[in-house]
Amino acid sequence: MSAPLLLTNLTVATMAPDAVDYGLLGDASIVIEDGRIAWSGRAEERPSGFAGLPPQSLAGRLVTPALIDCHTHIVHGGNRAREFEMRLKGASYEEIARAGGGIVSTVTATREASEEELLKSALRLADSLIAEGATCIEVKSGYGLDQDTELKMLRTARRIADMRPLRVVTTFLGAHAVPPEYSGRDGAYIDEVCIPALRAAHAEGLVDAVDGFCEGIAFQPDQIARVFDVAKELGLPVKLHAEQLSNLGGAKLAASYGALSADHIEYLDEDGVAAMANAGTTAVILPGAYYTLRETQKPPLAALREMGVPMALATDANPGSSPLTSLLLTMNMGCTLFRMTPEEALAGVTRNAARALGLSDCGTIEVGKRADLAVWDVAHPSELAYRIGFNPLFKRFFGGHA
């Protein structure tokens with residue numbers, strides 16, 4: 001039990017689902033009790049029961065929900081700077097992957113790394129996200145592609161939350177790529193390695209959700225379905241890397257399983273959008289990969305808006321296609337590359353990012369939610385998506401603790 005905390009003299013952007021214009025309120029206050037938001041609103045409307053609390057003035061600063069990165073791969077070995085150079089000389093993502101680079105090169109480095117080495121590297125990346133106001137991140141496996149390494153990655157991801165004031169949601173991504181030892185035997189890999197590793201990870205309490213990569217260079221929909229069937233059996237929610245490089249109907253498949261999210265979705269068609277809308281599946285937009293791979297096919301934002309599909313934004317932080325660990329830059333990219341509005345971008349890294357992770361206790365400033373807050377030295381929330389390479393974070397509250 002912690003003493004109640006009264007934050008005063010602030011502007012609040014609640015980002016509540018039914019809020020208009022960010023849910024913006026000036027001359028506001030927030031009361032925190034036991035790590036939760038007990039009250040928020042205009043100071044003049046503060047209930048008398050909170051009158052005796054010692055105030056902490058925020059000098060007119062903006063307070064938003066803390067940021068959430070709902071799609072990362074920050075646990076991995078090595079880096080792929082050399083492949084970055086190859087792409088700039090003309091090699092395509094698929095050419096690099098088929099030549100043994102891409103995900104498979106990171107698999108080799110991750111298998112060779114110790115858990116301590118993976119943790120040290122991941123903490124550096126997590127610190128970058130924390131420094132910009134993040135209090136919750138998702139971390140995927142998928143660079144092991146054998147049972148021992150997949151479990152090692154998930155254990156490392158769990159340890160991040162022990163080492164930092166950060167909430168970590170873990171995702172099993174065994175269906176990320178086919179390892180070299182199973183080349184040409186994709187189905188055998190799913191049955192002999194991926195599914196047994198999922199069962200083992202679940203038995204060890206390491207998995208919060210299950211993901212896959214449905215693409216020509218990865219797995220076909222029927223193979224992903226076999227993994228999702230096991231996830232369903234185990235009571236785990238699913239999500240999917242879908243329609244990044246082509247349209248295999250991955251988003252429709254994910255929606256048929258009631259997926260939390262379909263991610264990337266540059267090649268998503270209207271049928272896929274409709275399926276996501278009907279299932280309540282969130283679209284996770286990943287501009288870092290689009291930018292790094294120099295893609296030209298943009299996700300169908302107009303159709304997503306028209307059909308009411310919630311849009312989240314995430315870094316996709318990974319060593320190959322999106323070496324990005326800045327949610328603020330991700331917001332700017334979402335606006336400049338895809339023409340999201342600044343309000344959509346902020347919702348994408350708060351309210352809708354929480355939704356993409358299946359979390360209902362964070363992402364907005366509302367009574368009963370976790371007191372995960374970001375305090376910014378800005379006058380208006382649009383400034384968070386406007387600037388490039390500038391971090392205006394003043395303070396971060398994690399469960400009510402600064």
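The model is predicted, so local features need pLDDT of at least 70 and side-chain atom pairs count only at pLDDT 80 or more, while totals for chains, interfaces and linings use all residues. Residues are numbered from 1 along each chain as its sequence is written, and side-chain values use heavy atoms, with hydrogens and water left out.

**Exercise 1.** Find out how many helices and strands the chain has, and how compact the chain is.

*Solution.* Start with the elements: there are 15 helices and 15 strands. These are DSSP runs numbered from the N terminus, with helices (H or I) of at least four residues and strands (E) of at least two. Next, take the radius of gyration, which is 21 Å and close to the 21 Å that the globule rule gives for 402 residues, so the chain is as compact as a globular protein of that length. The radius is taken over C-alpha atoms, and the rule is 2.2 Å times the number of residues to the power 0.38. Finally, look at burial: 58% of the 402 residues count as buried. Buried means under 20% relative accessible area, exposed over 50%, and partly exposed in between (1.4 Å probe, protein chains only).

**Exercise 2.** Describe the surroundings of T315.

*Solution.* First locate T315: the loop between β13 (311–313) and α12 (327–338) holds this residue. Then check its cover: with a relative accessible area of 0%, T315 is buried. Now list contacts (heavy atoms within 4.5 Å). Leaving aside neighbours within four places in sequence, T315 touches residues including D69, H71, L129 and T330. With D69, the side chain of T315 also makes a polar contact of 2.6 Å. Such a contact is a pair of N or O atoms within 3.5 Å; within protein, one must be able to donate a hydrogen and the other to accept it, and residues adjacent in sequence count only if both atoms are side-chain atoms.

**Exercise 3.** Work out whether A59 is buried or exposed, and do likewise for E243.

*Solution.* Begin with the backbone. A59 has a positive phi of about 55° although it is not a glycine, and E243 also has a positive phi of about 55° without being a glycine. Then place them: A59 sits in the loop between β4 (55–57) and β5 (62–65), and E243 in the loop between β10 (239–242) and α8 (250–256). Last, compare the areas: A59 is exposed because its relative accessible area is 54%, whereas E243, at 1%, is buried.
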